[in-house]
Amino acid sequence: MKRREFITLLGGAAAGWPHFARAQQPKSPTIGYFGASVAAAERSRTDAFVQRLSELGWIEGQTVTIEYRWGESRTERFPEIAAELVQLRVDIILATSTAAALACKQATAVIPIVFPLTGDPLGTGLVASLARPGGNVTGLSNQAADLAGKRLEILREVAPGLRRLAILANAEYPGRTSEIADIQTAAHRLGLNVAAFDIRRSEDFAPVFDTMRKDGAEALYVVGDTLMNSNRVCISTLAMNARLPTIYVAREYVEAGGLISYGANIPHLFRRAAELVDKILRGAKPGDIPVEQPTKFELFINLKTAKALGLEVPPMLLGLADEVIE
């Protein structure tokens with residue numbers, strides 16, 4: 001072979017090497033991100049999840065692809081979205097609410113599913129056991145024993161004369177029944193009369209608050225879910241107008257003008273969910289990963305809202321708060 005022909009042949013082979021190398025690289029995994037509400041409402045949670053993924057080496061657009069789908073709190077669409085993610089053949093699904101996780105579980109028994117927060121994973125049928133979930137689903141619970149009781153005790157600190165409590169819940173929320181039962185048990189223990197009020201869509205909030213006022217509600221407990229979170233500004237405004245001291249499950253509500261929240265750090269739960277996703281992408285089976293429960297809870301108080309409602313927040317309670325908004 002002549003020297004010129006050899007160089008030409010060598011050059012042609014070298015030109016093919018990058019393509020060959022690319023062809024040999026393993027395909028990056030795809031995460032299906034099933035946001036139960038809208039992107040804006042879940043931004044802090046999504047950011048926490050993506051940030052933790054990147055810290056673990058899963059960089060969006062480089063080493064991992066994320067397919068986002070948003071349910072807009074319309075639970076009737078959740079099965080359709082779950083089916084779409086299954087058809088895309090994603091490698092794992094992060095479902096950001098109980099209802100979204102249930103829809104995904106009904107759509108696939110093969111693709112791993114991780115939920116970052118849910119109130120009652122056992123009662124809703126997401127898992128068979130907290131210690132050994134079995135199947136293709138695992139995740140984190142944002143509830144703990146007697147959390148409702150602790151929230152009501154905090155509410156009584158700022159509203160010591162409280163006698164009649166209203167509970168606001170989404171009728172379509174899968175954990176509604178068990179959570180309301182917990183609240184009612186805790187309320188009766190404190191000598192409170194309780195009335196539960198259901199909503200199903202955003203348009204229901206204003207009429208329900210009118211009904212609460214007529215019913216004589218003196219304070220409000222909001223059962224958190226994606227519909228409530230998406231409407232947190234609306235809820236805090238209506239609660240203010242109704243002069244109802246209100247306790248919520250997460251700081252996002254207080255940042256939106258709500259009075260008090262006591263609950264798990266939800267962005268932290270999403271960071272922890274990223275760690276579970278990492279384990280599964282590296283070969284762990286979801287059914288072998290125990291469902292985690294939070295061990296640290298945070299208290300947030302909006303002092304501006306308290307003053308607008310004419311409430312005195314005890315100094316001891318302010319001292320216990322993780323953050324006070326003034």
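This short talk concerns the salt bridges and cysteines of the structure shown above.

Good morning. Please keep in mind throughout that this is a predicted model. I will begin with charged side chains. As a general principle, side chains of opposite charge can pair when their charged atoms come close. In this model, the count of salt bridges comes to 23.

Let us take Arg52 and Glu275. Their side chains form a salt bridge with an N to O distance of 2.9 Å. Where do Arg52 and Glu275 lie in the chain? Arg52 belongs to helix α2, which covers residues 43-55, and Glu275 belongs to helix α11, which covers residues 266-281. The two residues are 223 residues apart, and their pairing links distant parts of the chain.

Arg52 and Glu275 belong to one network, joined by salt bridges that share partners, together with Glu55, Arg271, Arg272 and Glu292.

I turn now to Arg132 and Asp288. Here the side chains meet in a salt bridge at 3.1 Å, again from N to O. Arg132 sits in the loop between β4 (113-115) and β5 (137-139), while Asp288 sits in the loop between α11 and β11 (297-302), so this contact ties together parts that are 156 residues apart in sequence.

The remaining example is Lys296 with Asp322. In this salt bridge, the closest N and O atoms are 3.6 Å apart. Asp322 is found in the loop between α13 (315-320) and β12 (323-325), and Lys296 in the loop between α11 and β11. The pair is 26 residues apart and links distant parts of the chain. Asp322 is partly exposed, with 41% relative accessibility, and Lys296 is exposed, with 51%.

Finally, a word on cysteines. How many disulfides does the model contain? The count comes to 0. Two of the cysteines may be mentioned for their accessibility. Cys104 is buried, with a relative accessibility of 1%. Cys234, by contrast, is partly exposed, with a relative accessible area of 31%.

To conclude, the predicted model has 23 salt bridges and 0 disulfides. Thank you for your attention.

Technical notes
Residues numbered from 1 in each chain as written. Predicted model: local features only at pLDDT ≥ 70, side-chain atom pairs only at ≥ 80, totals over all residues. Heavy atoms only, no water. Salt bridge = Lys/Arg side-chain N within 4 Å of Asp/Glu carboxyl O. Helix = DSSP H or I, 4+ residues; strand = E, 2+ residues; numbered from the N terminus. Buried < 20%, exposed > 50% of the residue type's maximum accessible area, 1.4 Å probe, protein only. Disulfide = S-S within 2.5 Å.
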